[in-house]
Amino acid sequence: MLEAAGLRVGLQAEPIDLLAGRDWAACPGAGAVLSFEGTTRDGPPGERVLRLEYEAYAAMAEPVLLALATEAKARWGLERALVLHRTGAVAVGEVSVLVVVAAAHRREAYAASAWLMDRLKAEAPIWKRELTEQGAAWRANAGAPPEELG
Amino acid sequence: MSENSVTVMFFAMLREQRGASEAQVTLEGPETVGALYARLFPPGAAGALPVAFAVNHAYVEAERLLVAGDEVAFIPPLGGG
C-alpha cells in the first residue's frame, strides 16, 4: 500500500473492506463520497466462470495507481482518493477493485471516479486470467478510452 | 550475473511461455527494449504479442536504450479492473 496526502492505493490478496475504504475517505470537506466497486462477472450458461485470477507487477502497479490518484486529486480538487485492487484468486461476485473519491460536490466525484477506472484499466500493470467451465484464458481490457472523458 | 545484464520480468501469458517470472539477460551491445523483446520473443513465433514496455517501473517507448542493471518488463494487454 502507498499513501500520500489524501491518497491511498494498494494491491491486496485478501478481500477488500468496503466500509473501511469509505470511512477512510469521508472527511469534513467532502459533500460527496462516492464508492465504485468493480465485481467479477459470471459468463452465460456453458461458460460459467469458476473464478478469476489477478496477477500484478506490484513494484510498478502501486506507483502507477498513486500517480493516477494524484492526477485525479489535482484535476477535480478531491479531498480524498482511494484505489484498492485484488490480486490472486477472486470468486465470482466479489469485489476486485474499489475506488472511493471524496469531493466537495458530486459532479467532481462522478467524473474523477470514472476517469480513475478508465485509466486504471488502461495503465495499471495488472492481468486477469478467467477460469471457466471451458478452461482458462487471459482476458484483456478493451482499448483505452479517449483521454477527454470527464 | 554478467556486468552487462538487465533483469527482465515476465507476466501473464509471457510468464507462462517462458516458464519463469524473471531472468537475467546479457545485452548484445547497445540494445533497445524493443529489440530485446524481439530477441526473446521473435516476431511471427507462436504467442508473440503486441506489448508495452517498462524500464525501472515506468512506461517507455520501444526505442529506449537499455543500460546494465535496468529492470525491464514486457507488458502484455492489461486486464485490471
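**A helix and its setting**

Mentor: Chain A holds three helices and nine strands, where helices (H or I, at least four residues) and strands (E, at least two) are DSSP runs numbered from the N terminus. This is a predicted model, in which local features need pLDDT of at least 70 and side-chain atom pairs count only at pLDDT 80 or more, while totals for chains, interfaces and linings use all residues. Residues are numbered from 1 along each chain as its sequence is written, chains are lettered from A and ligands numbered from 1 in the order in which they are written, and side-chain values use heavy atoms, with hydrogens and water left out.

From the N terminus, the order of elements in chain A is β-β-α-β-β-α-β-β-β-α-β-β. An α-helix has 3.6 residues a turn, so residues three or four places apart point the same way.

Of the 150 residues of chain A, 46% count as buried, and among its contacts with a separation of 6 or more, 76% are between residues 24 or more positions apart. A compact globule with 150 residues would have a radius of gyration near 15 Å, and the 16 Å of chain A agrees with that; the radius is taken over C-alpha atoms, and the globule rule is 2.2 Å times the number of residues to the power 0.38. Along the principal axes, the C-alpha atoms of chain A fill a box of roughly 50 × 30 × 30 Å. Chain A exposes about 7,100 Å², of which carbon and sulfur atoms supply 52%.

Chain B has two helices and five strands, following the pattern β-α-β-α-β-β-β along the sequence. Of its 81 residues, 44% count as buried, and 49% of the contacts in chain B between residues at least 6 apart in sequence join residues at least 24 apart. For 81 residues a compact globule would have a radius of gyration near 12 Å, and chain B, with 12 Å, agrees. Its C-alpha trace spans about 35 × 25 × 20 Å along the principal axes.

B:Ala12 is not a glycine, yet has a positive phi of about 50 degrees; B:Ala12 is found in helix α1 (residues 12–18) of chain B and is buried, with a relative accessible area of 0%. B:Asn56 also has a positive phi, near 50 degrees, but its place is in the loop between β3 (52–55) and β4 (58–60) of chain B, and B:Asn56 is partly exposed, with a relative accessible area of 39%.

Terms used: Buried < 20%, exposed > 50% of the residue type's maximum accessible area, 1.4 Å probe, protein only. Contact = heavy atoms within 4.5 Å. Areas by Shrake-Rupley, 256 points an atom, 1.4 Å probe, with all protein chains shown as cover.
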